[in-house]
Amino acid sequence: LVVEDAVAGVAAARAAGCRVVAVAGTCSAESLLAAGADRVVTDLSELVVQPRPIDRGCWTAVIPAAGRGTRLGFSRAKILYPLGGRLVLDWLLDFLVPNCASLVFVLSPEGVGEVTAALEQRIAGSFAVVIQETPTGMGDAVALALPQVKTRHAGVVWGDQVALRRESVETCMRLHQGPLQPSVTCPTVLRANTYIHFDRDEVGRLVGLKQAREGDVMPEMGESDTGFFCFETAALRRLLDRLRSESGGMGTATGEFNLLPVIPLAAQREVVLTPRVMRLEETVGVNTREDAAAVEAFLGTLHGR
């Protein structure tokens with residue numbers, strides 16, 4: 001959709017095959033319509049529409065949360081780490097429960113008892129648990145969870161991404177379930193000294209992935225994921241199977257089966273959206289005490305604490 005206020009701009013947009021909304025003022029409504037505008041408004045506020053409701057029944061959240069809080073000086077499952085007077089788990093549930101019919105947690109054998117008990121207190125009957133016996137990568141964790149996913153869409157969120165704002169998550173979910181029908185919606189941010197970087201070609205198409213943890217040479221400024229992803233469930237199954245058969249997800253340094261390589265893989269043949277709708281502060285995972293302090297401060301600004 002092109003928005004224009006000039007006759008020449010309307011004509012150019014029509015020549016490009018676009019739909020056009022024209023703003024009257026610089027030119028008359030009559031001349032804009034004559035040039036091919038689909039609609040004429042007098043103010044941009046007339047273009048504001050109510051956001052598309054999220055179809056909660058079409059969504060399952062998958063939360064890989066097998067990590068322990070070792071670097072935090074915490075001896076229990078990291079998802080039970082206290083942050084801002086609440087558990088990491090509670091912050092996650094704030095934006096997942098209102099938008100997802102069910103939640104699947106991927107847990108370690110050591111953490112399954114405590115985390116399951118906490119979930120029973122909070123969302124009994126709305127979750128499933130699968131166990132990742134050994135830490136073999138996020139791709140494996142998600143693959144283990146997929147048999148429990150019965151909905152059309154799956155939202156994947158790392159189990160320590162508690163700074164994600166509900167409005168950001170919902171924006172991505174609305175976009176994903178919208179008319180573009182993407183296989184993957186992966187919001188990204190630009191950051192310095194990144195651990196993850198998506199490579200693009202000269203016209204902006206996503207063509208590759210670099211990961212610092214796998215020994216790749218990283219750019220000074222990179223385009224990173226945010227720890228939150230939306231997938232069409234059938235596409236995610238297909239992509240993981242293809243990635244495993246082509247050995248494209250195995251880390252050269254870690255030997256783990258990673259999830260992120262499915263994104264450039266999907267971009268080869270399918271619709272992949274990479275919206276920039278999140279603030280950098282939202283994307284900090286809670287791995288160290290410094291991370292925890294930064295996230296706690298950000299959550300405080302969001303919630304007036």
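Trp59 is buried, with a relative accessible area of 0%; buried means under 20% relative accessible area, with a 1.4 Å probe and protein chains only. The residue belongs to a predicted model, in which local features need pLDDT of at least 70, side-chain atom pairs count only at pLDDT 80 or more, and totals for chains, interfaces and linings use all residues. Residues are numbered from 1 along each chain as its sequence is written, and side-chain values use heavy atoms, leaving out hydrogens and water.

**Around Trp59**
- Trp59 sits in strand 4, which covers residues 59-64.
- Its side chain makes a polar contact with the side chain of Gln177, at 3.1 Å (a pair of N or O atoms within 3.5 Å, one able to donate a hydrogen and the other to accept it).
- Lys150 lies 91 residues from Trp59 along the chain, yet their C-alpha atoms are separated by 8.7 Å.

**Fold of the protein chain**
- The protein chain has 9 helices and 16 strands (DSSP runs: H or I of at least four residues for helices, E of at least two for strands).
- Its C-alpha atoms fill a box of roughly 70 × 45 × 40 Å along the principal axes.
- Of contacts between residues at least 6 apart in sequence, 67% join residues at least 24 apart (contact: heavy atoms within 4.5 Å).

**Burial and surface**
- Buried residues account for 48% of the 305 residues in the protein chain.
- The protein chain exposes about 14,500 Å², with 52% supplied by carbon and sulfur atoms (Shrake-Rupley method, 1.4 Å probe).

Terms used. Buried means under 20% relative accessible area, exposed over 50%, partly exposed in between (1.4 Å probe, protein chains only).
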